[in-house]
Amino acid sequence: MPSADPRPLTDRQRDVIERIDRRVPIKVIAQEMGVSETRINQHIRALKDVYEAGSLNELVEKYRATKPSPSGSGAGQGSPGVKPFIGPVQFPGQMGFPGTGESKISLGIFDGRYGVLARLAAVVGIAFGVLLAVILALSAAQALSDIMDASA
């Protein structure tokens, strides 16, 4: 019963669904759009909610049924045998960008070309901070122990 879009799509969602319709792999879509695969999967999850689709195939069928007019069939394109990864579920109550209909899970620095490097740097920084806190706590305990021994 998809006679019209239940709600208007954002430009990003429209870009994603058009590429999915042409059977472009999610990894390639992410590279083309300069975002992470996780972000593409978030758009797909939102599109499934908009079109009330349970699977990626059903999403594409419902999208094609609502397209105004097909301008060339891209059905023969794509990579046969490549199964797209349908990733993380969008959590309810996420903060979104005002006026765009997009939700945000992570900082923009963690998306895009150097997202993996930024995530690695964040993990290393956190690990270094924890190690430094343990060393400082042990040093403080040793100093207190030395002071207690000297006063006794």
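At what angle do helices α1 and α3 pack, and how far apart are their axes? They pack at an angle of about 90 degrees, with their axes 10 Å apart, and the report below sets this pair among the other parts of the chain.

The structure is a predicted model, in which local features need pLDDT of at least 70 and side-chain atom pairs count only at pLDDT 80 or more, while totals for chains, interfaces and linings use all residues. Residues are numbered from 1 along each chain as its sequence is written, and side-chain values use heavy atoms, with hydrogens and water left out.

## The chain as a whole

The chain has five helices and zero strands, so its elements read α-α-α-α-α from the N terminus on, where helices (H or I, at least four residues) and strands (E, at least two) are DSSP runs, numbered from the N terminus. Of the 152 residues in the chain, 26% are buried; buried means under 20% relative accessible area, exposed means over 50%, and partly exposed lies in between (1.4 Å probe, protein chains only). The accessible surface of the chain is about 10,400 Å², and carbon and sulfur atoms hold 62% of it; such areas come from the Shrake-Rupley method with a 1.4 Å probe, and for residues only the protein chains shown count as cover.

## How the helices pack

Two packed helices are described by the angle between their axes and the distance between the axes. The axes are lines fitted to C-alpha atoms, for helices over the stretch in contact, and the angles run from 0 to 180 degrees between N-to-C directions.

| Helix pair | Angle | Distance between axes |
|---|---|---|
| α1 and α3 | about 90 degrees | 10 Å |
| α2 and α3 | about 105 degrees | 8 Å |
| α1 and α4 | about 105 degrees | 10 Å |

With its angle of about 90 degrees, α1 is roughly perpendicular to α3; angles under 35 degrees count as roughly parallel, over 145 as roughly antiparallel, 65 to 115 as roughly perpendicular and the rest as oblique. On the side of α1 this contact involves Arg12, Gln13, Val16, Ile17 and Ile20, and on the side of α3 it involves Ile40, His43, Ile44, Ala46 and Leu47. By class, these residues are seven nonpolar, two polar and one charged, where Ala, Val, Leu, Ile, Met, Phe, Trp, Tyr, Cys and Pro count as nonpolar, Asp, Glu, Lys and Arg as charged, and the others, Gly among them, as polar.

Helix α2 (residues 26-33) and helix α3 (residues 37-51) pack at about 105 degrees, which makes α2 roughly perpendicular to α3. Here Ile26, Lys27, Ile29, Ala30 and Met33 of α2 meet Glu37, Ile40, Asn41 and Ile44 of α3, a set with six nonpolar, one polar and two charged residues.

Helix α1 (residues 11-21) also packs with α4, at about 105 degrees, and these two helices are therefore roughly perpendicular to each other. Ile17, Glu18, Ile20 and Asp21 of α1 make this contact with Leu56, Leu59, Val60, Tyr63 and Arg64 of α4, and the residues divide into six nonpolar, no polar and three charged. The buried residues of α1 are Gln13, Val16, Ile17, Arg19, Ile20 and Asp21, and they pack against α2, α3 and α4.

## An aromatic pair

A pair of aromatic rings is described by the distance of the centres and the angle of the planes. Rings of Phe, Tyr and Trp (its six-membered ring) pair if their centres lie within 6.5 Å, and planes under 30 degrees apart count as stacked, over 60 as edge-to-face and the rest as tilted. The count by this rule is one aromatic pair: the ring centres of Tyr51 and Tyr63 are 6.3 Å apart and their planes stand at 85 degrees, so the pair is edge-to-face. Tyr51 belongs to helix α3 and Tyr63 to helix α4 (residues 56-66), twelve residues apart, and both Tyr51 and Tyr63 are buried.

## Two loop residues

Most residues other than glycine have a negative phi. Arg23, in the loop between α1 and α2, has a positive phi of about 65 degrees although it is not a glycine, and at 43% relative accessibility Arg23 counts as partly exposed. Glu52, in the loop between α3 and α4, has a positive phi near 50 degrees, and Glu52 is exposed, with a relative accessible area of 57%.

Key: Contact means heavy atoms within 4.5 Å.
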